[in-house]
Amino acid sequence: MGNSVSASPVAALPAATTTTAAPSTEVKSDKPKCKACCACPETKKIRDACIMERGEEQCGELIEKHKQCMRDMGFNI
């Protein structure tokens with residue numbers, strides 16, 4: 001009987017650990033991996049330079065490319 005009691009808790013621990021690990025991974029994948037200020041540096045730099053030189057009205061395509069990059073990184077824009 002002692003073997004049955006010690007086997008049950010050991011079997012239950014890995015199941016609880018596995019169940020806990022899976023939701024944590026899913027939650028992390030839904031959230032962005034970095035802060036908004038650090039995401040998409042290439043598109044941000046090009047977008048900002050265009051806006052400074054030409055004005056926001058002339059840079060719509062670059063603005064949209066940056067927004068899409070941000071969405072791809074997990075930001076709700």
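**Salt bridges and disulfides**

Asp48 is partly exposed, with a relative accessible area of 29%. In this predicted model, Asp48 pairs with Arg47 in a salt bridge, and their closest N and O atoms lie 2.7 Å apart. The structure holds three salt bridges, and the other pairs can be taken in turn. Side chains of opposite charge can pair when their charged atoms come close.

Lys65 forms a salt bridge with Glu61, with 3.6 Å between the closest N and O atoms. Both residues belong to helix 3, where Lys65 and Glu61 are four residues apart, about one turn of the helix. Lys65 is partly exposed at a relative accessible area of 47%, whereas Glu61 is exposed at 59%.

Lys67 and Glu64 also meet through their side chains in a salt bridge, at 3.6 Å from N to O. Lys67 and Glu64 sit three residues apart in helix 3, so about one helical turn separates them. Lys67 is partly exposed, with a relative accessible area of 30%, and Glu64 is likewise partly exposed, with a value of 41%.

Turning to the cysteines, a search of the whole structure finds two disulfides. Cys40 and Cys69 form a disulfide in which the sulfur atoms are 2.0 Å apart. The link of Cys40 and Cys69 is left-handed, with -95 degrees about the S-S bond. Cys40 lies in the loop between helix 1 (2-30) and helix 2 (41-54), and Cys69 lies in helix 3 (residues 60-72), so this pair ties together parts that are 29 residues apart in sequence. Cys40 is buried, with a relative accessible area of 6%, while Cys69 is partly exposed, with 22%.

Cys50 and Cys59 form a disulfide with their sulfur atoms 1.9 Å apart. The link of Cys50 and Cys59 is left-handed too, at -90 degrees about the S-S bond. Cys50 is buried, with a relative accessible area of 7%, and Cys59 counts as buried at 1% relative accessibility. Counting bonded cysteines along the chain, the disulfides follow the pattern 1-4, 2-3.

Cys37, in contrast, is in no disulfide, and the nearest cysteine sulfur, that of Cys38, is 3.6 Å away. For the sulfur of Cys38, the closest cysteine sulfur is that of Cys37, and 3.6 Å is too far for a bond, because a disulfide requires cysteine sulfur atoms within 2.5 Å. Cys37 is exposed, with a relative accessible area of 52%.

Methods
Residues numbered from 1 in each chain as written. Predicted model: local features only at pLDDT ≥ 70, side-chain atom pairs only at ≥ 80, totals over all residues. Heavy atoms only, no water. Helix = DSSP H or I, 4+ residues; strand = E, 2+ residues; numbered from the N terminus. Buried < 20%, exposed > 50% of the residue type's maximum accessible area, 1.4 Å probe, protein only. Salt bridge = Lys/Arg side-chain N within 4 Å of Asp/Glu carboxyl O.
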